[in-house]
Amino acid sequence: MEKEITKNRQATEMTLIKAVNDIIEESGFEGLGINAVAAKAKVSKMLIYRYFNSLDGLIAAYIQQNDYWINFDEKLPDQTHLATFIKQIFKRQIMWLRENYTLKRLYRWELTTDNKFVKELRNKREEKGIWLVEAVSKLSKHPKKEIAAMASIITAAISYLALLEENCPVYNGLKIQQESGWEELEKGINLLVALWLQKQL
């Protein structure tokens, strides 16, 4: 009986998270609300409060489920393949974020919010980031602070441009609403990674 209740709760949570996605895709972030989500999911709005505490908690659950870095679980490479590994994870971040309209909308929401749910999200992202920085430091023999700085610059640039591209066609001459612009950006990231790894300690 307990397993059945747990299974039903998990199914309801997934239905509610999907409802968030559907509403934002159909009506934008402005259409998101407790009543709208409950109606879309065809469940009582009380379940949103029971399972997620609030609409903010539900939104945070969506982000947690879809965030690239929180869910990062790729196998670490050996030292020989480190450069390829680093280039690939930044490429995947670009693809992951650009292909998810809802996630971009909710990242904008996150930037303007500072509640307990968002703090938990940021803590989880931070834990994964520190783990990855330490892993790359061991493989590359470069200082952790140096790696953290490089990773922060690149990941922040990717996030900013992915959020910007909807309303801004060009950034420093790069056509960020076209694949060609992102291909050029990716080349630049790859160059930075290569030059950094070649740097003498």
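Trainee: What does the accessible surface of the protein chain come to?

Mentor: About 12,000 Å², and carbon and sulfur atoms hold 54% of that. Keep in mind that we're looking at a predicted model.

Trainee: What else describes the protein chain as a whole, say its span along the principal axes?

Mentor: The C-alpha trace spans about 60 × 40 × 25 Å along those axes. You'll find 9 helices and 2 strands in the chain, and they follow the pattern α-α-α-α-α-α-α-α-β-β-α along the sequence.

Trainee: How much of the chain is buried?

Mentor: Of the 201 residues, 42% are buried.

Trainee: Which residues touch the most other members of the largest nonpolar core?

Mentor: That core has 56 residues, and the ones with the most touches to other members are V20, L32, V37, L58, I63, I86 and I189. Take L58: setting aside neighbours within four places in sequence, L58 is in contact with L16, I17, V20, V37, I48 and F52.

Trainee: Okay, on to helices. What makes α5 and α6 roughly perpendicular?

Mentor: Check the angle. The axes of helix α5 (residues 82-98) and α6 cross at roughly 95 degrees and come within 6 Å. Roughly perpendicular covers 65 to 115 degrees, so α5 and α6 get that label.

Trainee: Which residues meet there, α5 to α6?

Mentor: W96, L97 and R98 come from α5, while L103, K104 and Y107 come from α6. Sorted by class, this contact has 4 nonpolar, no polar and 2 charged residues.

Trainee: And why is α6 called roughly perpendicular to α7?

Mentor: Helix α6 (residues 101-111) packs with helix α7 (residues 116-140) at about 110 degrees, with the axes 11 Å apart. The label runs from 65 to 115 degrees, so α6 counts as roughly perpendicular to α7. In this contact, Y107, W109, E110 and L111 of α6 meet V118, L121, R122 and R125 of α7. By class, that's 5 nonpolar, no polar and 3 charged residues.

Trainee: Why is Q198 called exposed?

Mentor: Its relative accessible area is 56%. Exposed means over 50%, so Q198 is exposed. You can find Q198 in helix α9 (residues 179-198).

Trainee: How far apart are Q198 and A83, in sequence and in space?

Mentor: They're 115 residues apart in sequence, and 9.9 Å apart in space from C-alpha to C-alpha. Now look at M150 and V170: these are 20 residues apart in sequence and 24 Å apart in space, C-alpha to C-alpha. M150 lies in helix α8 (residues 144-164). Leaving out residues up to four places away in sequence, M150 touches L192 and W196.

Trainee: What makes N53 partly exposed?

Mentor: N53 has 47% relative accessibility. Exposed needs over 50% and buried needs under 20%, so N53 lands in between, as partly exposed. N53 sits in the loop between α3 and α4 (55-66).

Trainee: And how do you know that K42 is exposed?

Mentor: The value for K42 is 76%. The cut-off is over 50%, so K42 counts as exposed. K42 is in the loop between α2 (34-41) and α3 (46-52).

Trainee: What is the phi of K42?

Mentor: Near 60 degrees, a positive value in a residue other than glycine. N53 isn't a glycine either, and its phi is positive too, at about 75 degrees.

Note on methods:
Residues are numbered from 1 along each chain as its sequence is written. This is a predicted model: local features need pLDDT of at least 70, side-chain atom pairs count only at pLDDT 80 or more; totals for chains, interfaces and linings use all residues. Side-chain values use heavy atoms; hydrogens and water are left out. Axes are lines fitted to C-alpha atoms, for helices over the stretch in contact, and angles run from 0 to 180 degrees between N-to-C directions. Helices (H or I, at least four residues) and strands (E, at least two) are DSSP runs, numbered from the N terminus. Angles under 35 degrees count as roughly parallel, over 145 as roughly antiparallel, 65 to 115 as roughly perpendicular and the rest as oblique. Contact means heavy atoms within 4.5 Å. Ala, Val, Leu, Ile, Met, Phe, Trp, Tyr, Cys and Pro count as nonpolar, Asp, Glu, Lys and Arg as charged, and the others, Gly among them, as polar. Buried means under 20% relative accessible area, exposed over 50%, partly exposed in between (1.4 Å probe, protein chains only). Accessible areas come from the Shrake-Rupley method with a 1.4 Å probe; for residues, only the protein chains shown count as cover. A nonpolar core is a set of buried Ala, Val, Leu, Ile, Met, Phe, Trp, Tyr and Cys residues joined through side-chain atoms within 4.5 Å.
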